[in-house]
Amino acid sequence: MRDLYIYNSLSSKKEKFVPNQQGHVGMYVCGPTVYSNVHVGNVRTFMSFDMVYRYLLHLGYKVRYVRNITDAGHLENDADDGEDRIAKKAHLEKIEPMEVVQRYTVDFHNTLNRFNFLTPSIEPTATGHIIEQIEIIKQILEKGFAYEVNGSVYFDVLKYNQENNYGELSGRKIEDLIHNTRTLDGQSDKKNPQDFALWKRADPQHIMRWPSPWGIGFPGWHLECTAMSTKYLGKNFDIHGGGMDLKFPHHECEIAQAEICNGNSPVNTWMHANMLTLNGQKMAKSTGNFILPNDFFTGESKHLSKSFSAGCVRFFILQAHYRSVLDFSNDALLASEKGYNKLMESIRILETLNSSLKTSDFNIEAWKESCYNAMNDDFNSPILIAELFSVVKFINQVKDGTSTVSKEDLDLITSTLNIFVFDVLGLQNMNQGANQYKEKLKDTVELLIKMRAEARINKDFELSDKIRIQLDEIGIQLKDSKDGTIFKID
Ligand code: AMP
Ligand code: ZN
């Protein structure tokens with residue numbers, strides 16, 4: 001297998017990727033909190049990991065890809081305060097929380113399908129793993145790193161930090177955290193403001209509630225990912241991903257929980273995808289600064305001059321490296337559309353090229369290696385796309401007759417483009433689709449020609465003329481010759 005280097009947020013450097021079990025990869029990605037439609041910022045993060053998943057599969061790994069659904073426990077102020085995001089929506093709309101969950105889980109899946117995502121191997125829900133979460137809390141309590149107050153249980157961050165490094169992932173220092181956080185106002189049950197909830201007592205009006213050894217309540221948000229990743233991938237697994245904004249506190253807390261519960265660091269490679277911004281600000285539901293995927297398809301948004309296809313948006317996103325901030329603009333999207341169409345067009349042209357004895361001025365083998373090198377260097381999709389365009393140029397030269405290509409190299413270009421454009425970048429195979437339609441159209445017109453011929457044999461000239469005239473009206477001309485009828489499409 002080829003050497004793959006991945007930037008590990010924990011060590012802040014690119015490391016050679018060596019999975020725990022040869023040939024197998026366990027990958028966990030924090031999924032959406034399903035209380036609203038996903039915006040295209042969310043789509044960007046999930047797309048980064050869809051690309052990672054696709055490339056690992058292409059390299060031949062057997063990947064168990066777990067991406068959860070947060071359907072409980074994510075409070076308004078990240079993890080510890082305010083109302084549960086889903087319950088709040090249910091309350092506002094006077095529906096069951098599970099109706100909110102269902103609606104936005106369906107939206108999430110539909111959106112990802114439109115962008116041609118692969119489905120993960122397992123998509124577990126927080127509410128489906130309450131028992132596992134309670135078990136973890138019991139263990140952390142037993143080990144003395146959590147405390148119970150009034151039916152809530154909190155993780156003792158200061159105690160943990162005595163022997164561990166709380167902040168190792170995000171680079172934060174506990175002293176700064178202590179310095180920068182407000183002192184508790186007497187309303188909180190926590191010993192220290194840095195502590196985070198493992199279990200929260202449910203007030204009477206809190207609708208999402210479960211029984212526990214500490215009374216009726218609900219789990220803290222950080223806990224679900226520890227419970228589900230451990231259950232499906234084990235105590236130490238290969239890759240954990242999420243958006244950059246989840247590094248702290250969410251992932252930092254995941255590490256602390258797992259360190260205490262399992263006695264080791266849970267993840268070998270932490271990957272964080274960077275943000276999509278709009279007008280220089282992070283796209284976020286809470287600020288209203290976002291674009292919904294559907295806006296692209298309808299074009300109805302003050303941020304867009306026209307509609308755009310899902311393939312074009314996917315191409316736009318993957319033209320940036322997953323660790324770089326990407327700022328959205330209509331102009332940038334228009335430029336991507338040109339590039340995307342050019343790439344797809346060249347794949348269509350490729351099918352029509354004639355091969356020669358020799359390939360001139362282009363080393364296809366070396367080009368293919370450069371495509372792999374780009375992806376092996378921390379999934380560098382912008383470099384990969386630049387490499388793809390070098391072959392686009394060559395394809396056009398062959399078409400114009402200024403270069404030649406051997407049969408062998410033509411096949412190699414086709415198979416390499418299939419790998420990188422369709423399998424790895426996940427751009428839709430519009431070409432295949434278009435060809436399928438072309439075939440169907442041809443069959444349909446031939447059927448009509450046959451029916452017209454039969455009508456003429458039966459002297460039903462009214463019908464035969466009708467077929468010819470109406471086909472002509474939609475731009476399909478029939479021409480009769482001594483060898484039969486042929487057709488031409490405008
Ligand atoms: P949420 O449903 O808010 O938990 O977000 C789901 C995923 O989207 C998380 O991994 C976030 O880090 C990510 N995310 C949220 N906002 C953005 C953004 N503007 N750009 C990229 N990713 C984002
Ligand atoms: Zn998570």
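A residue counts as near a molecule if one of its heavy atoms lies within 4 Å of that molecule. Keep that cut-off in mind for the first stop. The model on screen is predicted.

**Stop 1: the ligand**

Select ligand 1 and show its surroundings. There are 15 residues around ligand 1. Gly-41, Thr-45, Asp-245, Leu-276 and Met-283 come nearest.

Now look at single atoms. Start with Thr-45. An N or O atom in the Thr-45 side chain is 2.7 Å from a nitrogen atom of ligand 1. Go on to Met-283. Here a backbone N or O atom lies 2.8 Å from a nitrogen atom of the ligand. Then pick Gly-243. One of its backbone N or O atoms is 3.0 Å from an oxygen atom of ligand 1.

How much of ligand 1 does the protein bury? Taken alone, the ligand exposes 490 Å². The protein buries 92% of that.

**Stop 2: a cis peptide bond**

Select Phe-248 and Pro-249. The peptide bond from Phe-248 to Pro-249 is cis. Its omega is near 0°. Colour helix α8, residues 247-262, and you will find Pro-249 in it.

**Stop 3: a loop residue**

Move to Lys-94. This residue sits in the loop between α2 (85-93) and α3 (97-114). Check its backbone: phi of Lys-94 is near 55°. That is a positive value in a residue other than glycine.

**Stop 4: two helices**

Two packed helices are described by the angle and the distance between their axes. Select α10, residues 310-318, and α11, residues 330-352. Their axes come within 9 Å. They cross at roughly 105°. Angles of 65 to 115 degrees count as roughly perpendicular, so α10 and α11 are roughly perpendicular to each other.

Which residues of α10 and α11 meet? From α10, show Gly-311, Cys-312, Val-313, Phe-315 and Phe-316. From α11, show Ala-332, Leu-333, Ser-336, Glu-337, Gly-339, Tyr-340 and Leu-343. Colour this contact by class: it has 8 nonpolar, 3 polar and 1 charged residues.

Technical notes:
Residues are numbered from 1 along each chain as its sequence is written. Chains are lettered from A and ligands numbered from 1 in the order in which they are written. This is a predicted model: local features need pLDDT of at least 70, side-chain atom pairs count only at pLDDT 80 or more; totals for chains, interfaces and linings use all residues. Side-chain values use heavy atoms; hydrogens and water are left out. Axes are lines fitted to C-alpha atoms, for helices over the stretch in contact, and angles run from 0 to 180 degrees between N-to-C directions. Helices (H or I, at least four residues) and strands (E, at least two) are DSSP runs, numbered from the N terminus. Angles under 35 degrees count as roughly parallel, over 145 as roughly antiparallel, 65 to 115 as roughly perpendicular and the rest as oblique. Contact means heavy atoms within 4.5 Å. Ala, Val, Leu, Ile, Met, Phe, Trp, Tyr, Cys and Pro count as nonpolar, Asp, Glu, Lys and Arg as charged, and the others, Gly among them, as polar. A polar contact is a pair of N or O atoms within 3.5 Å; within protein, one must be able to donate a hydrogen and the other to accept it, and residues adjacent in sequence count only if both atoms are side-chain atoms. Accessible areas come from the Shrake-Rupley method with a 1.4 Å probe; for residues, only the protein chains shown count as cover.
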